[in-house]
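This report treats one structural model. It begins with individual residues and then turns to a ligand site.

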Amino acid sequence: MTVSHTPTTTPPTTSTPGSAHLPPAGWHPGSWQDRPAAQQPDWPDPRVLRRTTEALALQPPLVLPDEILGLRRELAGVAAGEGFLLQAGDCAERFASCTEDDVRGKLRVILQLAILLTFGAGLPVVKVGRIAGQFGKPRSRPTETVDGVELPAFRGDIVNGPEFTPEARRPDAERLLRGYHHSSAALNVLRALTLGGFADLDQVHAWNQEFVRRSAAGRRYEKAADDITWALRFMSACGVDTGAQPELHQARLYTSHEALLPHYEQALTRYDENRRAWFDTSAHLVWIGDRTRQLDGAHVELLSGIANPLGIKVGPSTAPDELRALCERLDPHRTPGRLVLISRMGAGRVGDLLPPLLRAVGDAGHLPVWTCDPMHGNTFVSDSGYKTRRLSDITAEVTDFFAAHAREGTHPGGVHLELTGDDVTECLGGDLDEVVDETLGTRYETACDPRLNAAQSLELAFRMGDILRAHLGGPA
Ligand code: PEP
Ligand code: CO
């Protein structure tokens with residue numbers, strides 16, 4: 001398979017047969033540059049930006065079209081009600097944390113959640129990490145003021161540094177290339193871990209960590225792991241050669257990030273002759289954030305032409321007509337699995353706001369995966385000054401999301417979480433050493449938004465598994 005910047009044959013048009021995705025008329029990988037791009041850094045030196053994007057364009061793809069289309073097929077199954085999507089990881093990855101330990105930690109908790117959801121719901125779980133490229137962050141304000149000093153906001157390691165100094169906060173386009181290399185390193189570890197013994201179902205007990213075992217959710221996990229091990233033994237007793245089933249011994253974790261920086265995404269967008277389509281080879285799935293989903297904006301233009309599955313964050317300000325227009329722009333061919341609509345309304349609001357959107361999109365003939373991000377609508381600053389979220393609000397939003405789908409007869413296709421495998425104290429609640437406002441500072445380590453720790457994540461997964469099982473009519 002070859003992927004390149006320019007088609008050697010005629011670029012796809014509306015009459016190209018067998019194309020994996022037909023871009024809109026007039027689209028090309030740089031056509032976004034004629035549109036307003038929200039949330040962009042003020043790159044101080046255009047020459048550095050040009051040099052870096054040219055260097056990026058010479059790098060090999062991080063992921064390949066066949067893998068991207070594999071995810072699209074799996075998502076089509078989810079959209080049809082035959083699976084569940086777990087998308088999870090850091091709010092903002094740091095360059096320094098693209099280490100084996102860190103990637104292993106994130107994979108471990110994602111595997112734990114996925115197996116609990118599979119076991120709870122009896123549905124295959126498609127796993128997508130916010131990983132290997134989730135470096136850029138949109139900000140509510142372009143600058144930050146401390147003691148009367150105003151500096152550019154920290155926009156993620158791929159743009160500038162978090163330290164509050166003029167040097168660190170100055171956007172540096174060379175960081176785009178560093179972002180590529182850190183993504184590549186993280187992906188390399190990820191591929192090795194998912195193919196090797198670590199992701200083997202035989203390891204289901206080993207995925208639990210010592211500190212998690214002390215929590216009620218951790219103990220419940222041990223029980224579920226016993227049941228899974230026993231079920232595998234039952235299958236082999238029935239004559240199934242479990243050793244010969246790769247599905248039981250390997251895992252697949254697709255990658256995703258917010259496509260915030262169009263210069264970066266353009267440089268990694270390549271044409272595939274076999275599929276007769278353009279692919280953003282920076283990740284399997286890319287999404288548009290709640291602050292960059294303007295219909296005539298640069299982000300929507302760029303993503304409209306690529307064949308990858310696309311996420312769209314759907315916040316409380318999204319009107320049904322606006323969402324319908326966005327879906328028309330990004331999914332004109334009604335391709336199953338093309339869109340992942342990520343509802344992030346906030347606890348107490350999703351029950352009212354979601355149903356009109358479900359109807360608007362469904363009536364227009366799209367079959368997206370509808371997923372619930374219970375994180376971004378529930379962030380607040382606590383009395384002690386930490387940006388945080390309550391596990392109880394997160395659980396409530398997921399519960400109401402499921403209930404809205406049950407009422408509308410649609411499939412609650414997945415969840416989108418910010419979590420870590422570490423024992424951090426960033427979100428309030430949880431049954432293990434319950435995190436309260438006074439203890440938030442103990443291990444508050446996030447580079448951006450507060451994440452669930454491993455024990456809180458398991459607690460949420462059990463709750464979701466129970467609801468899904470009831471929703472699908474499984475045994476109580
Ligand atoms: C995010 O996912 O980290 C994020 C910034 O989300 P949203 O665009 O929904 O605010
Ligand atoms: Co976030």
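The model is predicted: local features need pLDDT of at least 70, side-chain atom pairs count only at pLDDT 80 or more, and totals for chains, interfaces and linings use all residues. Residues are numbered from 1 along each chain as its sequence is written, chains are lettered from A and ligands numbered from 1 in the order in which they are written, and side-chain values use heavy atoms, with hydrogens and water left out.

Ser-19 belongs to the loop between strand S1 (3–4) and helix H1 (46–57). Helices (H or I, at least four residues) and strands (E, at least two) are DSSP runs, numbered from the N terminus. The side chain of Ser-19 reaches the backbone oxygen of Arg-276 at 2.7 Å and the backbone oxygen of His-21 at 3.0 Å. These are polar contacts, that is, pairs of N or O atoms within 3.5 Å; within protein, one must be able to donate a hydrogen and the other to accept it, and residues adjacent in sequence count only if both atoms are side-chain atoms.

## Residues with positive phi

Arg-276, whose backbone oxygen is reached by the side chain of Ser-19, lies in the loop between strand S7 (269–272) and strand S8 (277–280). Its phi is near 50 degrees, a positive value in a residue other than glycine. Arg-276 counts as partly exposed because its relative accessibility is 37%.

Arg-334 also is not a glycine and has a positive phi, of about 55 degrees. The loop between helix H10 (320–330) and strand S11 (339–343) holds Arg-334. With a relative accessible area of 28%, Arg-334 is partly exposed.

## The ligand 1 site

Which residues are around ligand 1? They are Cys-91, Arg-130, Lys-137, Pro-138, Trp-287, Gly-289, Asp-290, Arg-291, Lys-313, Arg-344, His-376 and Glu-418, where near means that a heavy atom of the residue lies within 4 Å. This shell divides into seven charged, three nonpolar and two polar residues; Ala, Val, Leu, Ile, Met, Phe, Trp, Tyr, Cys and Pro count as nonpolar, Asp, Glu, Lys and Arg as charged, and the others, Gly among them, as polar.

Oxygen atoms of ligand 1 lie 2.9 Å from a polar side-chain atom of Arg-130, 2.9 Å from an N or O atom in the side chain of His-376, and 3.1 Å from a polar side-chain atom of Glu-418. Taken alone, ligand 1 exposes 300 Å², of which the protein buries 97% (Shrake-Rupley method, 1.4 Å probe; for residues, only the protein chains shown count as cover).

## Two further buried residues

Lys-313, one of the residues around ligand 1, is in strand S10 (residues 310–314). Its relative accessibility is 5%, so Lys-313 counts as buried. The side chains of Lys-313 and Asp-373 are joined by a polar contact of 2.9 Å.

Asn-453 is in the loop between strand S15 (414–418) and helix H13 (454–471). Asn-453 counts as buried because its relative accessibility is 6%. The C-alpha atoms of Asn-453 and Val-424 are 5.5 Å apart, with a separation of 29 residues along the chain.

How values were computed:
Buried means under 20% relative accessible area, exposed over 50%, partly exposed in between (1.4 Å probe, protein chains only).
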